[in-house]
Number of protein chains: 2
Amino acid sequence: MDKKLPEFEDVVSASNRISGLAVKTPLLKCEQLSDDLSAQIYVKAECLQRVGAFKFRGAYNRLSRLTDEEKKRGVVAYSSGNHAQGVALSAKLLGIYAVIVMPRDSPKLKLKNTRDYGAEVITYDRETESREEIADQISRDKGCIVVPSFEDFYIISGQGTVGLEAVKQAKEKDIELDLFMTPVGGGGLISGCSLAVKELSPSTEIYGVEPDGFNDVQRSLESGKIESNSNASGSICDAILTVHPEQMTYTIMSNNLTGILTVTDEEVLVAMKYVWEKLKLVVEPGASVAFAAILHGKINVKDKNVCVVLSGGNVDEGTFKKALDC
Amino acid sequence: MDKKLPEFEDVVSASNRISGLAVKTPLLKCEQLSDDLSAQIYVKAECLQRVGAFKFRGAYNRLSRLTDEEKKRGVVAYSSGNHAQGVALSAKLLGIYAVIVMPRDSPKLKLKNTRDYGAEVITYDRETESREEIADQISRDKGCIVVPSFEDFYIISGQGTVGLEAVKQAKEKDIELDLFMTPVGGGGLISGCSLAVKELSPSTEIYGVEPDGFNDVQRSLESGKIESNSNASGSICDAILTVHPEQMTYTIMSNNLTGILTVTDEEVLVAMKYVWEKLKLVVEPGASVAFAAILHGKINVKDKNVCVVLSGGNVDEGTFKKALDC
């Protein structure tokens, strides 16, 4: 049976739910890039969100909808690190026990922060173990509710509040967006955002961006069915190396997206340095792919009003130094 | 003859003048530091301002008040880099010719950006040459109007808009500030801000922060007369190594400040890394001193509502890597 898909009203409801808890992140103009490309380029700075990534929005929306009985059972989630932190902080705020299953090679910062928010962290090997199976086992053993990282009605609605805010902030500046772009992993962020963008600004084209070699969504939208990546690691974009989209995100993306672009790791590092130098923001690799696509001319933005989401900033020193060396 | 000092109304006038041109930078809560210190710590993120520092505010306010005849003559300014960029961009926006006198050892990024905004850059040696004399010579030779970096009615009023915005943003969040803190070089920022803070929130205590060994303002306020630093270089805080305050900033600071604190270069680097890791913002050394003072316990903030200005983010890769290595 097909799952019920969230709609615009569900994003509005999520927005009310997280109001006063999530940061209303600023929409910042990139002056020099706008000049250089004869466009108006704005970033939605979700790296300034709580836990350093947009994931807090969906996680809080999801956890706050649990029944009292479910809250007592606790939650289990699997995540490369940003959803982990989002769930951990939301659980802390709501007084819920949380176990998070994370890849052993997650950025140290993400592992540390998730533990610091009070969650129990269990690590696994990306190449040889299944995080879904580990989480299911914990769910069976402890009775915890599984909180998916993207394939969930309330998660998608929560992430959509990024798009809702961005379009409203643009309208406050009298800007009608021609393009809206976000990084794509499992598709939770762009699916949710697309519900808001298509409702409030129907003519806005929506593009997702994936790392080269991890273009499962690009291939899925082209073939008309869910396609998978052959590898689960091998790019610096740890946050968005999801193996394939799921039915809900695939369906919404099929309905609402104009296309998917890809960028290389090298292009991502250059983008991270550009954002550091020009925008004074810290972005992690996976959060930089959409900005990288614009910076490296993967899409024609001339004379267009563009909003690009910088979706997070949780990055280790070593990776950040690589970017600074570009 | 004493110069006329700016007042609250002049800050409001400056705010109107820069509206729509300067970024209304966000006031962001530091969640973890607030928890750790049992306080409410907010940063006013002026690193997100145009030119990457608050200096655009004062520079634009100053240049926009020039008469048409003065605009035709062009302007000359001296600066370690942030005022330089502020004047260069303001001149570009207003169609004014600009020459900027900058120390040869300014961060490369600041030299490059100032040139990129279209200004003519002349470099000098901090230890052996007088930037004032060079600027005066240019003024005599070319007829350019000298734009001081802080000792000016409109510059001080313009920088004060940081404080005006911050107090208003705090009030929008129902926060009455107990403490307001900024870095101090020549005192333009904190003087201007104090005019707004004292008017809108009279009970708020205002503290400035200087680098250890460059505490000319601290000593001036203690002795009751303008004191000088013995060195013009020797700290990583390039933006705030002003040799001494001037009459206007000294007088306003004497009237409005509760005190001045100092921090070491090492404490500054640790603060820069903290801001990178936790707040996902890029701050330069001199812009981090007030935050560093809080982070390192130089002032008791327990149970207090605190606003600290992160005044800029123009820093070279090498210095930033030093911070990441802390």
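**Stop one: a helix crossing**

The crossing of α3(B) and α5(B) is right-handed. The model you are looking at is predicted. Select residues 55-64 of chain B for helix α3, then residues 82-94 of chain B for helix α5. The two pack at an angle of about 45 degrees, and their axes are 8 Å apart. Angles from 65 to 115 degrees would count as roughly perpendicular and those under 35 as roughly parallel, so α3(B) and α5(B) are oblique to each other.

Now show side chains. On α3(B), the contact is made by B:Lys55, B:Phe56, B:Ala59, B:Tyr60, B:Leu63 and B:Ser64. On α5(B), the residues in contact include B:His83, B:Val87, B:Leu89 and B:Leu94. The contact residues divide into nine nonpolar, five polar and one charged.

**Stop two: helix α12**

Select residues 265-279 of chain B. Its 15 residues should span 21 Å at 1.5 Å a residue, and the end C-alpha atoms are 20 Å apart, which agrees. Is α12(B) enclosed or open? Eleven of its 15 residues are buried, so α12(B) is largely enclosed by the rest of the structure. Among the buried ones are B:Met272, B:Tyr274 and B:Trp276. Step past the helix to B:Lys280, which follows α12(B) and has a positive phi, near 60 degrees.

**Stop three: B:Gln32**

Select B:Gln32, in helix α2 (residues 31-37) of chain B. B:Gln32 is partly exposed, with a relative accessible area of 33%. Leaving aside neighbours within four places in sequence, B:Gln32 is in contact with B:Tyr274 and B:Lys278. Between B:Gln32 and B:Lys278 lie 7.9 Å in space, C-alpha to C-alpha, though they are 246 residues apart in sequence.

How values were computed
Residues are numbered from 1 along each chain as its sequence is written. Chains are lettered from A and ligands numbered from 1 in the order in which they are written. This is a predicted model: local features need pLDDT of at least 70, side-chain atom pairs count only at pLDDT 80 or more; totals for chains, interfaces and linings use all residues. Side-chain values use heavy atoms; hydrogens and water are left out. Helices (H or I, at least four residues) and strands (E, at least two) are DSSP runs, numbered from the N terminus. The expected span of a helix is 1.5 Å times one less than its number of residues. Buried means under 20% relative accessible area, exposed over 50%, partly exposed in between (1.4 Å probe, protein chains only). Axes are lines fitted to C-alpha atoms, for helices over the stretch in contact, and angles run from 0 to 180 degrees between N-to-C directions. Angles under 35 degrees count as roughly parallel, over 145 as roughly antiparallel, 65 to 115 as roughly perpendicular and the rest as oblique. A crossing is left-handed if the near helix is turned anticlockwise from the far one by less than a right angle, and right-handed if clockwise. Contact means heavy atoms within 4.5 Å. Ala, Val, Leu, Ile, Met, Phe, Trp, Tyr, Cys and Pro count as nonpolar, Asp, Glu, Lys and Arg as charged, and the others, Gly among them, as polar.
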